Amino acid sequence: MQGLKYSTKIDPYKELCRFELNGGICNDTSCKSQHFRNIAVGDDELLVDLADIENVPEYHRDTYRDGLYEVIQDMRKNGIRDFTTVARGILKFRRMWEEKQNDKDATMTDV
Ligand SMILES: [Zn+2]
């Protein structure tokens with residue numbers, strides 16, 4: 001008999017559905033990406049995976065982690081525990097953070 005254990009992990013080798021990452025709900029039955037509804041809710045470890053800190057340059061990690069922590073605390077304070085919303089918040093933070101880094105780099109090379 002197969003274990004009834006419920007997997008709470010994102011499959012790191014499978015892409016998250018782009019459509020859902022952009023705030024939509026995917027109704028494409030042939031879509032092979034991972035969807036938020038298939039991922040267990042409320043797993044902090046999972047959110048860390050999503051934050052993708054491994055891809056952040058080491059010298060930026062502390063500020064990144066602090067900012068991310070703030071975002072998550074903020075959502076908790078506002079009673080947001082829904083995984084999809086939290087995941088989107090994290091991705092939004094990540095995007096903003098990357099843009100900020102790019103801006104910094106751009107101004108540095110401009111001068
Ligand atoms: Zn999809």
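What pLDDT does the chain average, and what share of the residues score at least 70? The chain averages a pLDDT (the predictor's confidence in each residue, from 0 to 100) of 72, and 68% of the residues score at least 70. This is a predicted model, in which local features need pLDDT of at least 70, side-chain atom pairs count only at pLDDT 80 or more, and totals for chains, interfaces and linings use all residues. Residues are numbered from 1 along each chain as its sequence is written.

**Confidence**
- Where pLDDT is low, the predicted coordinates should not be read in detail.

**Architecture**
- The chain holds four helices and zero strands (DSSP runs numbered from the N terminus: helices are H or I, at least four residues; strands are E, at least two).
- Of the contacts between residues at least 6 apart in sequence, 50% join residues at least 24 apart.
- Buried residues make up 5% of the 111 residues in the chain (a residue is buried if 20 or more other C-beta atoms, placed from the backbone, lie within 10 Å of its own).

**Helix H3**
- The end C-alpha atoms of H3 (residues 61-77) are 24 Å apart, which agrees with the 24 Å that its 17 residues should span at 1.5 Å a residue (the expected span is 1.5 Å times one less than the number of residues).
- H3 is hardly covered, with one buried residue among its 17.
- Gly-79, which follows H3, has a positive phi, near 75°.

Conventions: Buried ≥ 20, exposed ≤ 12 C-beta atoms within 10 Å, placed from the backbone. Contact = placed C-beta atoms within 7 Å.
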